[in-house]
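Here is a short tour of one model, written for someone who likes to know the cut-offs behind each term. Have a look at the fold, then read on.

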Amino acid sequence: MPDLYCVFGNPIAHSKSPAIHAAFAASTGEALCYEARLAPVDGFRQAVDEFIARGGRGANVTVPFKEEAFRLCNALTPRATRAGAVNTLSFVDGRILGDNTDGAGLVADITGNLKFSLAGKRILLLGAGGAARGVIEPLLAGRPATLMIANRTADKACALAEAFSDIAAPQGDLLRGALSAGNFTDLAGQQFDLTINATSASLAGETLPLPPGIFAPGSLAYDMMYGKGETPFLKQAREQGASLCADGLGMLVGQAAEAFAVWRGRHPASAPVLASLRSALKG
Ligand code: ATR
């Protein structure tokens, strides 16, 4: 019997994770079976217990269960603790271990697939919810010059900046004041080399009130969302002068590759899987 894994979510029917992990398993020769499992909104814990009872070795967790997963773990990695959310569970000797690979997946896509270095860059992170929180530490680890968190509700951005203010990059502290926060109006007159959309504004069909001129020449706009065509944020960024645009499909594959490495101890190649998902999406 191959080792059993799954992704829990609600909804989950359109999840790409089973196909991604099947491709990773094929390319690495790891014998595993990975399925999508719909958990009732009020029945996540029970769904996890049932899966463990069936012999499940690990699971990914997606919307809306990442915070609940964080709470039910017996142990957490430092990055999951920082993120306040868990997207990767490992079931070991009756214990539930929680990790969060979202931020690593984002950074792997930006620095690996897109070949855009974070070092010395001025980064703007839009949004202050769970998606934003999960990527702050890995972004800071890339040693940017500055990181500003901007959110519709400024207080939430300030609270996030405060929560991460003690973080030092691996080789030397961030400059004092390098981590800042505000609302969208506060962006006026500033420029950024990398702007990441971690808001859910486009789900509501809304665009962000970004002041003109914030995209520096040569800058990358990155949307954690992805879709068949250009996302609303990337359309806006392109029209406002962003030179490079990328959606979150690479982050999806990147977080899956990191989860695979957590479970199996080896990193699968993500570029071929991303390429085939991209062509299927365009199809
Ligand atoms: P997630 O887990 O996806 O981050 P969340 O925690 O609900 O979801 O956070 C959603 C983020 O998108 C928040 O930063 C939210 O801004 P507020 O904190 O002001 O609510 C942001 N967001 C959602 N809709 C938005 C909109 N129409 N315009 C701007 N920001 C929006």
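How much area do domain 1 and domain 2 bury between them? The two domains bury about 1100 Å², with 45% of it on carbon and sulfur atoms; buried area here is the accessible area (1.4 Å probe) that two parts lose on being put together, summed over both.

A word on the ground rules. This is a predicted model, in which local features need pLDDT of at least 70 and side-chain atom pairs count only at pLDDT 80 or more, while totals for chains, interfaces and linings use all residues. Residues are numbered from 1 along each chain as its sequence is written, and side-chain values use heavy atoms, leaving out hydrogens and water.

**The domain interface**

Domain 1 covers 3–100 + 255–282 and domain 2 covers 103–247, with bounds from an automatic or database domain assignment. Their centres, taken over C-alpha atoms, are 25 Å apart. Domain 1 brings 16 residues to the contact and domain 2 brings 17 residues, where contact means heavy atoms within 4.5 Å. Of the area that domain 1 buries against domain 2, 48% comes from Arg82, Ala83 and Leu281, more than from any other three residues.

The interface also carries 2 salt bridges, each being a side-chain nitrogen of Lys or Arg within 4 Å of a carboxyl oxygen of Asp or Glu. Elsewhere in the list of side-chain pairs, Arg82 and Asp166 form a salt bridge at 3.0 Å, N to O.

**The aromatic rings**

There are 7 aromatic pairs in the structure. Rings of Phe, Tyr and Trp (its six-membered ring) pair if their centres lie within 6.5 Å; planes under 30 degrees apart count as stacked, over 60 as edge-to-face and the rest as tilted. Two of the pairs are set out here.

| Pair | Centre distance | Plane angle | Class |
|---|---|---|---|
| Phe8 and Phe51 | 5.8 Å | 85° | edge-to-face |
| Phe51 and Phe91 | 6.3 Å | 70° | edge-to-face |

The pair of Phe8 and Phe51 links strand β1 (residues 3–9) to helix α2 (residues 44–53), 43 residues apart. Helices (H or I, at least four residues) and strands (E, at least two) are DSSP runs, numbered from the N terminus. Phe51 and Phe91 link helix α2 to strand β5 (residues 88–92), 40 residues apart.

Phe8 is buried at 0% relative accessible area, and Phe51 is likewise buried at 0%; buried means under 20%, exposed over 50%, partly exposed in between (1.4 Å probe, protein chains only). Ring pairs join Phe8, Phe44, Phe51, Phe65 and Phe91 into a cluster.
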